[in-house]
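Here is a short briefing for a first look. Start with the structure below, then read the points by topic.

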There are 4 protein chains.
Amino acid sequence: MTSKFRVSKRAEFAETDMAGIVHFSNYFRYMEVVEHAFFRSLGLSVYMPFNEAMLSWPRVSCSFEYKRPIRFEDEVDLVLTITKVGAKSLTYTVDILLEEEAIAHGTSKMVCCLLEQGKMKSIAIPPLLLEKFAPYLPR
Amino acid sequence: MTSKFRVSKRAEFAETDMAGIVHFSNYFRYMEVVEHAFFRSLGLSVYMPFNEAMLSWPRVSCSFEYKRPIRFEDEVDLVLTITKVGAKSLTYTVDILLEEEAIAHGTSKMVCCLLEQGKMKSIAIPPLLLEKFAPYLPR
Amino acid sequence: MTSKFRVSKRAEFAETDMAGIVHFSNYFRYMEVVEHAFFRSLGLSVYMPFNEAMLSWPRVSCSFEYKRPIRFEDEVDLVLTITKVGAKSLTYTVDILLEEEAIAHGTSKMVCCLLEQGKMKSIAIPPLLLEKFAPYLPR
Amino acid sequence: MTSKFRVSKRAEFAETDMAGIVHFSNYFRYMEVVEHAFFRSLGLSVYMPFNEAMLSWPRVSCSFEYKRPIRFEDEVDLVLTITKVGAKSLTYTVDILLEEEAIAHGTSKMVCCLLEQGKMKSIAIPPLLLEKFAPYLPR
């Protein structure tokens, strides 16, 4: 079975807006929180030295569907599932759970890139990384 | 012909990240900037008193596709186009232009709601608002 | 001896700027992170129901001195020390530690207020709260 | 007489918090908005190429005093006054005005630095810049 990666996150005051709930744009920061924790859990970073350049993962697209709001001090779970791996790209979903109820659903597609002297160039995902992602890749 | 609504926005330093470009989550704040300017241009607000409650527009879903990055001090144009109006909902796109080239494309769907004593309730878009939206509604 | 309150915080990618370090404004969000965790540790919240209104703590002033930068994925410690308690106000410092070295020093003064129907009114800090703060108050 | 530099800024929804007002940390982003607009008005940037490196202005310290809140869609004026110029540093104040009433007062001290290969080194403010700052320097 394909593994999912999960972390929890406390909703901060600064993330709320005058409607009394976490601002919708902050869900995309939550998305990154679980994505980056996922990379760290594999001994990687989304922004790491590689072949004398930086390996980075710029986003091609992302989305969120909002079902129920998140409030100040709610502790939510962020569940990342890789749904597709291309030669150069990775697509995943993030489900936000509040007391195990899915209250938001996000998707993100990003491309493996080398950042050299301020220039981005897409590359095939290095085998070293694919190996680490293996337990999480869709069958 | 259906009207589009356009404002310009300067990319701020605090909106950039260590990759040297505007962080992808901030595009959703740009989305709101043009949405709220659009409401203001009609003498409305996305958060306004209405029948002794507050009329608000919580988001159901939103997305962005990223084509080229935005850099510090770039002045981009944000172009809002209403693509669908439902009984209770409004769907629009936002194109981000840099020197007239479309560098990102966003979508957003929101629902007209009354916020009363901390509770949200969806309602039909009031005729007064529909009238003001009219020049921007799809034919 | 007076107690200090400490939590750790991971620097997130979205908190960095194009200079490659955590943006200076985000230190004030870190300040809130430890402040709010402190309140929670006492069974309180900085924004809690009280006598049929909301008890809140608007800020009167705050500051930070920056010694060394914080970088993406650094795990810093945030140490809160109450330095002064007035009839209606609380003043504290926050030291940010990286591997036990103090790399930033902040101060914050806030006032105890009741928020009723959108209006703020300062009040004496309720005895119930003072009691909980006791181990942390300066001698 | 010493010149002051002024820009206006609209309070955005995403800048508010659940207390219904602009979050205190965002005042520091407003501080940057006027600082960066000031540099631009002189044909400069706070982050600009200089002698084959980047010239940047990391912050040493900053503060804000809050008098009255800023609300969604308020249009405030941000007034920058240079209060001190050292060999390597610049200190200024920012007053936030709402309908010409000062509602917040900030200070900031920053140091002129060269950023080369990820390393910051403080330098004397280049004469070219001092010349441009001249009308704004304290007498």
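Four residue pairs are in polar contact between chain D and chain A, counting pairs with both residues at pLDDT 80 or more. The model is a predicted one.

**Chain D and chain A**

- On the side of chain D that touches chain A, five residues are nonpolar, three are polar and one is charged.
- Nine residues from chain D and nine residues from chain A take part in the contact.
- Together the two chains bury about 840 Å². Carbon and sulfur atoms carry 74% of that area.
- Which residues of chain D lose the most area to chain A? They are Phe13(D), Met18(D) and His23(D). Together they account for 58% of what the chain D side buries.

**Chain B and chain A: symmetry**

- Chain B superposes on chain A by a rotation of 180 degrees, with 0.0 Å of shift along the axis and an RMSD of 0.0 Å.
- The two copies are therefore related as by a two-fold rotation axis.
- Which residue of chain B comes closest to the rotation axis? That residue is Ser63(B), with its C-alpha at 2.0 Å.
- The same surface serves both copies, as 100% of the contact residues of chain B recur in chain A.

**Chain B and chain A: the interface**

- The contact draws 21 residues from chain B and 21 residues from chain A.
- Chain B and chain A bury about 1900 Å² between them. Of this area, 61% is on carbon and sulfur atoms.
- The salt bridge count between chain B and chain A is zero.
- Ten residue pairs are in polar contact across the interface of chain B and chain A, with both residues at pLDDT 80 or more.
- Which elements of chain B each supply at least two residues to the side that touches chain A? They are α1 (27-41) and β4 (59-66).
- The largest share of that side comes from β4(B), with eight residues.
- By type, the side of chain B that touches chain A has ten nonpolar, six polar and five charged residues.

**Strands that pair across chains**

- Strand β4 of chain A (residues 59-66) pairs with β4(B) in the antiparallel sense, over five bridges.
- In this pairing, Cys62(A) stands opposite Phe64(B).
- Chains C and D also pair through β4. Here β4(C) and β4(D), the latter at residues 59-66, are antiparallel and share five bridges.
- Glu65(C) has Ser61(D) as its bridge partner in β4(D).

**Strands that pair within a chain**

- In chain C, β4 (residues 59-66) and β7 (residues 101-111) run antiparallel and are joined by seven bridges.
- What is the bridge partner of Glu65(C) in β7(C)? The partner is His105(C).
- In chain B, β4(B) pairs with β7 (residues 101-111) in the antiparallel sense, over seven bridges.
- Tyr66(B) has Ala104(B) as its bridge partner in β7(B).
- On β7(B) there is also a pairing with β6 (residues 89-98) of chain B, antiparallel and over ten bridges.
- Thr93(B) stands opposite Thr107(B) in β7(B).
- β6(B) and β7(B) form a hairpin, with two residues between them. In the turn, Glu99(B) has a positive phi of about 50 degrees.

**Salt bridges**

- Side chains of opposite charge can pair when their charged atoms come close.
- Over all chains, a search of the whole structure finds 32 salt bridges.
- Arg68(A) and Glu101(A) form a salt bridge, with the closest N and O atoms 2.5 Å apart.
- Arg68(A) lies in the loop between β4 and β5 (75-85) of chain A, and Glu101(A) lies in strand β7 (residues 101-111) of chain A, so the pair ties together parts that are 33 residues apart in sequence.

Notes: Residues are numbered from 1 along each chain as its sequence is written. Chains are lettered from A and ligands numbered from 1 in the order in which they are written. This is a predicted model: local features need pLDDT of at least 70, side-chain atom pairs count only at pLDDT 80 or more; totals for chains, interfaces and linings use all residues. Side-chain values use heavy atoms; hydrogens and water are left out. Two strands pair if DSSP finds at least two bridges between them. Helices (H or I, at least four residues) and strands (E, at least two) are DSSP runs, numbered from the N terminus. Copies are superposed by least squares on the C-alpha atoms of residues with pLDDT of at least 70 in both. Contact means heavy atoms within 4.5 Å. Buried area is the accessible area (1.4 Å probe) that two parts lose on being put together, summed over both. A polar contact is a pair of N or O atoms within 3.5 Å; within protein, one must be able to donate a hydrogen and the other to accept it, and residues adjacent in sequence count only if both atoms are side-chain atoms. Ala, Val, Leu, Ile, Met, Phe, Trp, Tyr, Cys and Pro count as nonpolar, Asp, Glu, Lys and Arg as charged, and the others, Gly among them, as polar. A salt bridge is a side-chain nitrogen of Lys or Arg within 4 Å of a carboxyl oxygen of Asp or Glu.
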